Amino acid sequence: MSLISEIDYGTPASQADKTVTVTIDGFAVTVPEGTSIMRAAMEAGIQVPKLCATDSIEAFGSCRLCLVEIEGRAGTPASCTTPVGNGMVVKTQTGKLKKLRRDVMELYISDHPLDCLTCAANGDCELQDMAGAVGLREVRYGQEGANHFDAVKDQSNPYFTFDPAKCIVCSRCVRACEEVQGTFALTIDGRGFASHVAAGMDEPFLASECVSCGACVQACPTATLIEKSVIEIGQPEHSVVTTCAYCGVGCSFKAEMRGEEVVRMVPYKDGKANHGHSCVKGRFAWGYTNHRDRILKPMIRERIGDPWREVSWDEALGRVASEFKRIQAQRGRNSIGAITSSRCTNEETYLVQKLVRAVFGNNNTDTCARVCHSPTGYGLSKTFGTSAGTQDFDSVSEAAVILVIGAHPTDGHPVFASRMKKRLLEGAKLIVIDPRRTDLVRSAHIEAAYHLPLLPGTNVAMMNALAHTIVTEGLVNEKFVREQCDGEAFADWAAFVARPENSPEAAAHFTGVPAETIRAAARLYATGGNAAIYYGLGVTEHSQGTTTVMAIANLAMATGNIGREGVGVNPLRGQNNVQGACDMGSFPHELPGYRHISDDIVRGLFEKDWGVHLDAEPGLRIPNMFDAAMDGSFQGLYVQGEDIVQSDPDSKHVIAGLKAMECIVVQDLFLNETSNYAHVFLPGSTFLEKDGTFTNAERRINRVRKVMSPKAGMADWEITQAIAKAMGVNMHYTHPSEIMAEIARLTPSFAGVTYDKLDALGSVQWPCNDAAPEGTPTMHIGEFVRGKGNFLITEFVPTDERTGPRFPLLLTTGRILSQYNVGAQTRRTDNATWHGEDLLEIHPHDAEERGLHDGALVRLESRSGATSLRARITDRVAPGVVYTTFHHPDTQANVVTSDYSDWATNCPEYKVTAVQVAPSNGPTAWQDEYQSHSRESRRIARAVPLPAAE
Ligand code: SF4
Ligand code: SF4
Ligand code: SF4
Ligand code: FES
């Protein structure tokens, strides 16, 4: 194995269709018009020396190292900023050029420390490389003149350092922050000799607007900006391409290694979801893999509350099998089940549902997607015919209008947010529908055309009002509707949305948004050109989550914004593999590929392949499992990679259900809140320790590749297979590629997927089959998957969760950039620097009424429960609305959320809870109990004393 080196072409690729041919150093090369001479030379295999250019950002032309001579033209233009012309004859290496380049390098080196041997970038420094490339042998001016050697290093960021003594002021970092990340945190301050890179207001990186994405570090050609892990460990010696295990963007990375130690994660330029960019989580927050809290030995105990006992794999698996068999013998086949994880691979998820159906003999399998995007699957399948988004991420580059509803991509899907911002900077118009004034509404160089700050729980009223405007003002794309949609369904829908109760004026009453603003936003969406909708959990996690998804689909169909680049309906999936977990048949009523379990033909296929009889009755959903546990009919649960106590609503009900069960098996990296109620703990593996695939929000199937051995000895798929074996069924897989072969054999949309193809193409988007052997970036082109697009009636039914004198405020929840989900991984990294606790955002007016100051400890109480946390006073939330995140178990916002859920899918209504906020004297009783319980259970598990700080 060796390091994967990617070619740096110096400048971005031209998108022009027309080509031109030039001759460079005697070689003819044909490139798209607008290509720089530097890039054209690289395409011909000729490397022009460079320092200030790199192909992820536009050329700037400041270092003057890349000079060339062009026949018939005077002077020595910079090859990075000079586009090729047809018939141009270029020389990159002449006596004159060589001298000029050496002179330039001499000036750089005269103000650069000569500590190459001890420099962390030694061997990976472009300045060092260029000194060699231009043949620099002496520095005539010496290093005695004015210099920057004493400049003070900024070590404030937990993951990288900034050493201005080594800076050549090439501004690659500044441009990367602007063009790649879209944050504008850096500038070149001062002039001439005094010019220097400044973060924010010339402050430490950590205090500035920097979001720690690392794009500047990646762009820096010297050791000025460099990862602390490289300083500590040294240069990597081999790399493996794999996929981030955090969010649904699914960024590809090169894991750069020394032996089995990760040195750094470098976003992979060929990654089709991220094109070489990343966020702070994927690039830096991988240290949890080696965290001392990892449980690496299987453990069992007789009763919850007993100390855990470390045992062999055989004993643990034997316990699982004997308990599950005993429970089934006593209480029937349907008395056990499993919960799959959107953090695990497709192959692992597939195997868990196969274990349930083929070994347990029932369909009691559900997934955490139940609590996030199940309404997406249901709503889009009923309208379009598939349970997934319609576009790839690149599609946003063709959008003229971008409508973001119930999503905060800069925090939740940061790499996609950067792409979106790039498009907005190019002139696309933005509509944001969100109770909060999110970053997208107004940030550096970006301003939404319309922000519709609706009250939580009123999405359907808003979508109907947008549709009302489009229908009643004659803005429907009649040709599209006539040709591609069900005419009768459209007519019914059009008559429905045209009713007065669906007008913007009526919606203003529910949403709190002025009717004229709603009308203006609708007109922009319908008439502004290609219009794309992006949405998140702010749409789905409602009692009418499915209705809103359907309303979104209706709106896109009515305006013809489906079936080409730049448009579409795009759910921003939360977890890395939530799309895959749904695709793989994790739901109790569906086999892989969203086919109903009651379908005899489909079930027959699986029965034949697996050699078993399958139950035709749908199994239990997660909330029903807890209900059944309480009545004694469901007593055994296998939970792979989920912390349902933290992530599911109404924690009290979840805990009561768990306490009522006789055998709970938790498979995870760390002891989590659910494991407090478990009888068997099986140590899981991180994404770095196994092979497999994840499917991201664009339906893109990406390879996950093992870079180190599983620390506990088994990858998650091997554990599931071992449970099956212990229960008497041999599955015989020797590698996840064999599981994928089975998935492809049994699932039409995956029919063409193989590991060989993924290795060759990098990734594919399903459907990938004979009709689309290389996958499907855009769906529903010319025709919907279901045939005709289906308009559905979306009546607004206000949630039963109402405010009143006791609970006058509405709580809504979300994420923050540096943390992920319940924080099990990110809290165990230096990302805790940015978000050490969950905070409650409250409007100044509401805070004043309650006598609260910024940072005050407050009691947040609802009809379901109470918790204490600190207040942040901000006008990002409207009066009457409060907001918090759910990353910290000692806050557990879900103690407060209600048990209302989506009418179609049971997706919980996390986004609307009536609450009261009051000053607090300290943690609630359960928080005190949690602290001691958590410390004790971890101490018992590891039998080592915890440091005082924990
Ligand atoms: S880490 Fe990212 S946000 Fe921070 S300065 Fe660098 S490019 Fe900008
Ligand atoms: S920090 Fe690096 S990228 Fe930025 S100006 Fe200095 S040398 Fe160039
Ligand atoms: S967390 Fe999401 S956006 Fe960030 S690197 Fe990972 S996949 Fe990409
Ligand atoms: S690389 Fe062209 S001027 Fe710096």
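This is a predicted model: local features need pLDDT of at least 70, side-chain atom pairs count only at pLDDT 80 or more; totals for chains, interfaces and linings use all residues.
Ile552 is buried, with a relative accessibility of 0%, and its position is within helix H19, which covers residues 545–558.

**Surroundings of Ile552**

Leaving aside residues up to four places away in sequence, Ile552 touches Ile405, Met463, Ile533, Tyr535, Val539 and Val569. Ile552 and Leu100 are 452 residues apart along the chain, and their C-alpha atoms are separated by 60 Å.

**Helices H13 and H16**

Helix H13, formed by residues 459–472, and helix H16, formed by residues 504–511, have axes that come within 9 Å and cross at roughly 165 degrees. Angles over 145 degrees count as roughly antiparallel, and H13 and H16 are therefore roughly antiparallel to each other. The crossing in which H13 passes H16 is left-handed. On the H13 side the contact is made by Ala461, Met462, Ala465, His468 and Thr469, while H16 contributes Pro504, Ala507, Phe510 and Thr511. Sorted by class, this contact of H13 with H16 comprises six nonpolar residues, three polar residues and no charged ones.

**Ligand shells**

Which residues lie around ligand 1? They are Phe160, Cys177, Leu186, Phe205, Cys210, Val211, Ser212, Cys213, Gly214, Ala215 and Cys216. Around ligand 2 there are 14 residues, of which Cys167, Cys170, Ser171, Cys173 and Cys220 come nearest.

The shell around ligand 3 is made up of Cys244, Tyr246, Cys247, Val249, Gly250, Cys251, Phe253, Cys279, Lys281, Gly282, Pro414 and Val415. The elements that give two or more residues to this shell are helix H7, spanning 280–284, and helix H12, spanning 414–425. The table sets out the composition of each shell by residue class.

| Shell | Nonpolar | Polar | Charged |
|---|---|---|---|
| Ligand 1 | nine residues | two residues | no residues |
| Ligand 2 | ten residues | three residues | one residue |
| Ligand 3 | nine residues | two residues | one residue |

**Backbone features**

Two histidines deserve a separate description. His445, a residue other than glycine, has a positive phi, near 65 degrees, and is placed in the loop between strand S18 (442–443) and strand S19 (446–447). Is His445 buried or exposed? With a relative accessibility of 62%, His445 counts as exposed.

His780 likewise is not a glycine, and its phi is positive at about 60 degrees. The loop between S30 and S31 holds His780, and this residue is buried, with a relative accessible area of 4%.

The loop between strand S30 (763–765) and strand S31 (809–814) also contains Pro767. The peptide bond that leads from Trp766 to Pro767 is cis, with an omega near 0 degrees.

Note on methods. Residues are numbered from 1 along each chain as its sequence is written. Chains are lettered from A and ligands numbered from 1 in the order in which they are written. Side-chain values use heavy atoms; hydrogens and water are left out. A residue is near a molecule or strand if one of its heavy atoms lies within 4 Å of it. Helices (H or I, at least four residues) and strands (E, at least two) are DSSP runs, numbered from the N terminus. Ala, Val, Leu, Ile, Met, Phe, Trp, Tyr, Cys and Pro count as nonpolar, Asp, Glu, Lys and Arg as charged, and the others, Gly among them, as polar. Axes are lines fitted to C-alpha atoms, for helices over the stretch in contact, and angles run from 0 to 180 degrees between N-to-C directions. Angles under 35 degrees count as roughly parallel, over 145 as roughly antiparallel, 65 to 115 as roughly perpendicular and the rest as oblique. A crossing is left-handed if the near helix is turned anticlockwise from the far one by less than a right angle, and right-handed if clockwise. Contact means heavy atoms within 4.5 Å. Buried means under 20% relative accessible area, exposed over 50%, partly exposed in between (1.4 Å probe, protein chains only).
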